[in-house]
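Dear colleague,

Please find below the structure that I am handing over to you. My findings follow directly after it.

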Amino acid sequence: MSTWRPGKRVAIAGGGPGAISAALAFIKRGYDVRVFERQTECRALGGAVLLSIPVLAILRSYGISLENFGSYTSTYFRNKWGKERALLPFNAEVERRMGIKGWQYGVLRSSAFQKMLDLVPEGVIFCNHEVTGYEDVEGAIQVIFTDSGIEPVTADILIAADGIRSAVSRQAFGDPQLFHTGIRLWLAWCDHIPGIPPNTGVISHDWQYQASFFPMLHDGKPGFEWWVVEPGWEGMPLPEDPRAHVKKILQDWSDPMPQLVEATDFETQVYRWDIYNRPSMKKWSSGRIVGIGDAVHPVSPYAAYGMGMAIEDGYFLAKALEGVDLRDVKAVNAGFELFEEQRVDYVNHHMEFARFTSNMFHSLPWPLAKLRDLVFDYTPFLKGLLQKEYLKRAEDETMNLKEFHVV
C-alpha cells in the first residue's frame, strides 16, 4: 500500500472500528488508504459488544469467518425479579436470506476488532499521528497533524472517524454541542458460568436502573458480557469501591446478575463511561470532508449499536463512492449525498430512540416510573414499541442489503 495515486487517495482520521471498516471497504474497491491514529496502536476500548446481522454480513464480506465468531442470542426484556416483558423475535426470512442465525451476537470488542485489523495490509495504518485539522488546497485536502515534525498529507477526501470529540468534525461542522445524557454505564465481561441458559440474553430494569447480560465468545471461548446503567450527571463523583457500588445496585436482582458480578475482575474486566451525545445532524459532509461513527452520531448504549453503526458507515460510504475519481469534487459530493441519503435518517432515528428509551427508564420520577413499570409488566406495549421503532427498521435495512444475501 505504498502507492498514493491522485484520484484514489482516502485519508482517515482515527483508528477505531468505523475507520478500519472504511479502510477495508475502500481498499476492496481499489483505493489507496491511509489511517491516522493518535495512539501508539489501534485498539477498541471497552468490554463486549453486540453485533447484529447486517454488521456480521459486512464483516463476512471483508473476509472474516463467522464460524465460532460470536454467540447468537435470544433477547428478553424483564423486570428486576425476572418477570418477562418482551422477547425480540427472530425473523426467519432475514436468517434465510443472510445465512446467519438469530439477530444479535455477543463478542468481546477487542477480539472482533483484532480480526478486522488482521485484514489491513501493511503500510495503511500510521500510529502516533493525531489529526488536528485540515486545509483545502487546489483540487485536494491537506491533512494536518499535532506533531509539527510530521509533514501534512495531501489526500482527495478526508474521513472524520476520530470519535465524539473529533477535531475534523469540529472544524467542518462547528461546535458539536455535546451534552451529558443523564446516565453512567458500567460495562463488563467475565468467563463462562455453568447453569445459565444458553443463547439467552436479558435486559432488565427496576424503576431507575438497568442490568443486562448476554452470552459472548472471546477468542472462541464462551463467556458473558454484562452491564449496569445508572442515572448520572456531569461531574458525578466516582464511587471509592466500584464493586461494592455495583453490588449494592444489584442486591435484590434476580440471578444471574449477582453471580456475574462475583465472577468479574473489576481491575481488568470493567469499564465505566459517562455517556455524552450531540444533537442529531442532517448533514455529515462538507466539501471533501465526511464523518462517520461517533464523529457525527454518538449513540447511547440503549441502541446497543455504536460499534455496529460505525462499521456499517464505513461500508456504505465506500459503496457510495465506488468507481468515483476522487479528484472530481462534484462526483465526490454526489457520492456523499448518496451515503447520507442511505444513512442519516436511519441512524438518527436509532440515536434518538435510544435517547428516548434512556430518558424513559432513568429520568422519570418515582410515581411515573411505577406507572411505566405496571404498563410494561402487564401489557404488550414494550414489545410493540421495540418491534416498531427498532427491530422493523433494522430488518428492512438488512433485506435491502441484497449483495449479502446467500439465497
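A salt bridge joins the side chains of lysine 80 and aspartate 206, with an N to O distance of 3.9 Å. This pair connects distant parts of the chain, as the two residues are 126 residues apart. Lysine 80 sits in the loop between β4 (71–79) and β5 (84–88), while aspartate 206 belongs to the loop between β13 (200–205) and β14 (210–218). Side chains of opposite charge can pair when their charged atoms come close. In the whole structure, the search finds 21 salt bridges. Please bear in mind that the model is a predicted one.

As to the overall form, the protein contains eleven helices and 18 strands. Its C-alpha trace spans about 65 × 50 × 35 Å along the principal axes. The radius of gyration is 21 Å, which agrees with the value near 22 Å that a compact globule of 407 residues would have.

The protein is divided into two domains, and each is made up of several stretches of the chain. Domain 1 covers 1–42, 127–178 and 281–362; domain 2 covers 44–115, 180–277 and 364–406. Their C-alpha centres are 26 Å apart.

The interface between the domains may be described as follows. On the side of domain 1, 42 residues are in contact with 42 residues of domain 2. Together the two domains bury about 3500 Å², of which 67% lies on carbon and sulfur atoms. Met307, Phe361 and His362 account for 21% of the area that domain 1 buries against domain 2, more than any other three residues.

Polar and charged pairs also cross this interface. Between domain 1 and domain 2 there are 14 residue pairs in polar contact, and the rule finds two salt bridges across the interface. Elsewhere in the list of charged pairs, glutamate 397 forms a salt bridge with arginine 343, whose closest N and O atoms are 2.8 Å apart.

Which elements give two or more residues to the side of domain 1 that touches domain 2? They are α1 (17–28), α8 (306–320) and α9 (329–362). The largest share, 13 residues, comes from α9. By type, the residues on this side of domain 1 divide into 24 nonpolar, twelve polar and six charged.

Two details of the backbone deserve mention. Most residues other than glycine have a negative phi, and most peptide bonds are trans. Aspartate 255 and proline 256, however, are joined by a cis peptide bond with an omega of about 15°. Proline 256 lies in the loop between α6 (242–249) and α7 (257–262). Asparagine 128, a residue other than glycine, has a positive phi near 60°. Asparagine 128 is placed in the loop between β7 (125–126) and β8 (131–137).

With kind regards

How values were computed:
Residues numbered from 1 in each chain as written. Predicted model: local features only at pLDDT ≥ 70, side-chain atom pairs only at ≥ 80, totals over all residues. Heavy atoms only, no water. Domains from an automatic or database assignment. Contact = heavy atoms within 4.5 Å. Buried area = accessible area lost by both parts, 1.4 Å probe. Salt bridge = Lys/Arg side-chain N within 4 Å of Asp/Glu carboxyl O. Polar contact = N/O pair within 3.5 Å; in protein donor to acceptor, adjacent residues only side chain to side chain. Helix = DSSP H or I, 4+ residues; strand = E, 2+ residues; numbered from the N terminus. Nonpolar A, V, L, I, M, F, W, Y, C, P; charged D, E, K, R; others polar. Rg over C-alpha atoms; globule rule 2.2 N^0.38 Å.
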